[in-house]
There are 2 protein chains.
Amino acid sequence: MAASIEDVAKLAGVSIATVSRSLRGLPDVATATRDRVLAAAQELDYVASPFAARLASGRSSTLGVVMPFVNRWFFSEVLGSVESVLSNANYDLLLHNLGDSEGRARFFTNLPVRKRVDAVLVVSLALTEDEVAALKTLDLPVGVLGVKHPGMFSVRIDDVVAATSAVEHLLSLGHRRIALIGGDTDDPMRFTPPHHRGTGYREALRGAGIEPDPALQVLGYFTVAGGEAAMTRLLDGPQPPTAVFAESDEMAYGAIKAIRRRGLRVPEDVAVIGFDDHATAELMDLTTVRQPVAEQGAVLAQELLDSLSGAAGEPSDLVLDTELVVRGSTVAGASVYAQPG
Amino acid sequence: MAASIEDVAKLAGVSIATVSRSLRGLPDVATATRDRVLAAAQELDYVASPFAARLASGRSSTLGVVMPFVNRWFFSEVLGSVESVLSNANYDLLLHNLGDSEGRARFFTNLPVRKRVDAVLVVSLALTEDEVAALKTLDLPVGVLGVKHPGMFSVRIDDVVAATSAVEHLLSLGHRRIALIGGDTDDPMRFTPPHHRGTGYREALRGAGIEPDPALQVLGYFTVAGGEAAMTRLLDGPQPPTAVFAESDEMAYGAIKAIRRRGLRVPEDVAVIGFDDHATAELMDLTTVRQPVAEQGAVLAQELLDSLSGAAGEPSDLVLDTELVVRGSTVAGASVYAQPG
DNA sequence: TACGGTGCTGTAAAGATTTTCAGGAGGGTG
DNA sequence: CACCCTCCTGAAAATCTTTACAGCACCGTA
């Protein structure tokens, strides 16, 4: 049986209250006493039972992290950065991966984080009103990554601006027939990006005096295969585009694959720009819009921790910058990397 | 304040013991009574406080998952499948991402899972004796993915056999100068694969009567950039290889990049085979050795759960099959996908 | 000399469950 | 009719902390 606080108290010759205070570094303990307690705890290899502590204190030192997927680049990147912030703060990370719309429904009805976390961090989900309401019933600080909701902490990028910059890059290269490979705004697993990135795409075109053509806006489902199928449909259309903006790098990869399969060249026949600056984007020589993924997670996690440690403050909304990264998929030989040597 | 078990007991007109039994589905409760309790719980929107339950029962319904990284394909894939198994079983998943050797040391000295999980699942770490000893002090079921340790559950592939099959594929194509791009067996973050895959490589060569050339065995650090640098060194050598076996798909991507940069062709000038069947391997038309990643995680998690639910059984060691997937990076036009149409 | 602080320590309540044990009711059996 | 069992239920102990509160000793000051 592992040692309890009482064992430590006996060995150190003090009360359990003093042990508790000493170990947690609270004030009002004589230095000599504290040293004695620390020594006793060390000798017995004592660690406080988190469950007893949580029951008594009402705090769990645990953050719930909710994401639609855990094995996609964006999300695993966020998860890594959040975990790092939490473990530095001695917080536990309780992971919930929704997986599909069924899992999503189950999560929001059962709320399995109830009574076990101090705050919740939700990643890139376009929350329905019911879901927002469910989260509110938790009565905990909630952080959302990628969206903005009143009463919640949020960290995100400006998808409209970012998408606009991507399309403007294509326009600046002289392209007029620019297609969009996007996500499904009606997807039951609704992410946040599709809506705003599509808006940015259309705004940029209109800004250049081009009326967006519905035939050039197709669904890619945020996967390589989806992007490939979407590009194939575009190439099969009556007036194929000369450039494509894909809402994610993965869809862009699929698009490139489809283009090459037709014997066409990137960027000479069709220019392709992605979104994310995925880890392999440089390898694929893909022009893209970089977003600070890990940073969004880290900042949001830290904000939640701060709010828990009483650094009060109203829920804030932070918008981080994105950056256009020009490579060979839009401008031949553009990438430093792609150049010889 | 949220409802407590006492509130439910009052509303249902029974004792708290009966509420506890009813809600957990234990026997020895009259159906009518159980229904009344369930209704009361529903009305009060009651969920048991996990901390109180854990304190009283000594069980935590939580599995600790330890991985060196969380944002690399292999690990995020494992994490997803483990999470899925756990959430189906109503288990919590406590995530620990080691990150670097410092984080690794911190984990094994502090053992932050102490007193808070029922079992531990360790992914792809070549554990030192001290680390094994530390885990043993937890006195919990431990599962390891990718290695075998006495007294622990393990699920893995046979890296030697898998690597052998990769190299034999290259041999069968007529290659004699076959290089290895591997991981660092002395890396402080030591994974398990490098050692065994290197062994398989050498065994296959010797089996064909070829003495492995140390100059053809270089370090790629399991990253795209590392693979690229390694391949560059190989090409700069006095007798460049005609084929390369990379211990991961990512390193293979880097190798391909380096080869193409030199103006050489894959597979005509240098054939490349990877390992994993990464999600993008098909897109890259990369020949590789597929391993069942998600399955390894799911199986191991399930075994741990079974052992916790008393389905006793000695710690088992399960070896899953791998499969050679031939694509265009070793045989031109080999991939069904790469063919026109 | 008395009194108010300050610094430190201990007592005990509170937190919300699980689980052991005892016991009552009712039915069947010898 | 007595006894035993089974089925169900409740009382209370146990789990291990945190924290509010009380109290003691000692010092400085009025």
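In this predicted model, the surface near DNA strand D draws at least two residues from each of four helices: α2 (16-23) and α4 (50-57) of chain A, and α2 (16-23) and α4 (50-57) of chain B. Chains A and B also touch one another, with 30 residues of chain A in contact with 30 residues of chain B.

**Surface near DNA strand D**
- DNA strand D is surrounded by 24 residues, and the closest are Ile5(A), Ala17(A), Ser20(A), Ala52(A) and Ala56(A).
- By class, this surface comprises 14 nonpolar, seven polar and three charged residues.

- On the side of chain A that touches chain B, the elements giving two or more residues are α4, α5 (73-88), β2 (92-97) and α11 (249-261) of chain A.
- Helix α5(A) provides the largest share of that side, namely six residues.
- The residues on that side of chain A divide into 14 nonpolar, eight polar and eight charged.

**Helix α10 of chain B**
- Helix α10 of chain B covers residues 224-236, which is 13 residues; at 1.5 Å a residue the helix should span 18 Å, and its end C-alpha atoms are 18 Å apart, so the two values agree.
- The buried residues of α10(B) are Val224(B), Gly226(B), Gly227(B), Glu228(B), Ala229(B), Ala230(B), Met231(B) and Leu234(B).
- These buried residues of α10(B) are covered by elements of chain B including β6 (178-182), β7 (217-219), β8 (243-246) and α11 (249-261).

Definitions and conventions. Residues are numbered from 1 along each chain as its sequence is written. Chains are lettered from A and ligands numbered from 1 in the order in which they are written. This is a predicted model: local features need pLDDT of at least 70, side-chain atom pairs count only at pLDDT 80 or more; totals for chains, interfaces and linings use all residues. A residue is near a molecule or strand if its C-beta atom, placed from the backbone, lies within 6 Å of it. Ala, Val, Leu, Ile, Met, Phe, Trp, Tyr, Cys and Pro count as nonpolar, Asp, Glu, Lys and Arg as charged, and the others, Gly among them, as polar. The expected span of a helix is 1.5 Å times one less than its number of residues. A residue is buried if 20 or more other C-beta atoms lie within 10 Å of its own, exposed if 12 or fewer, and partly exposed in between; C-beta atoms are placed from the backbone. Two residues are in contact if their C-beta atoms, placed from the backbone, lie within 7 Å.
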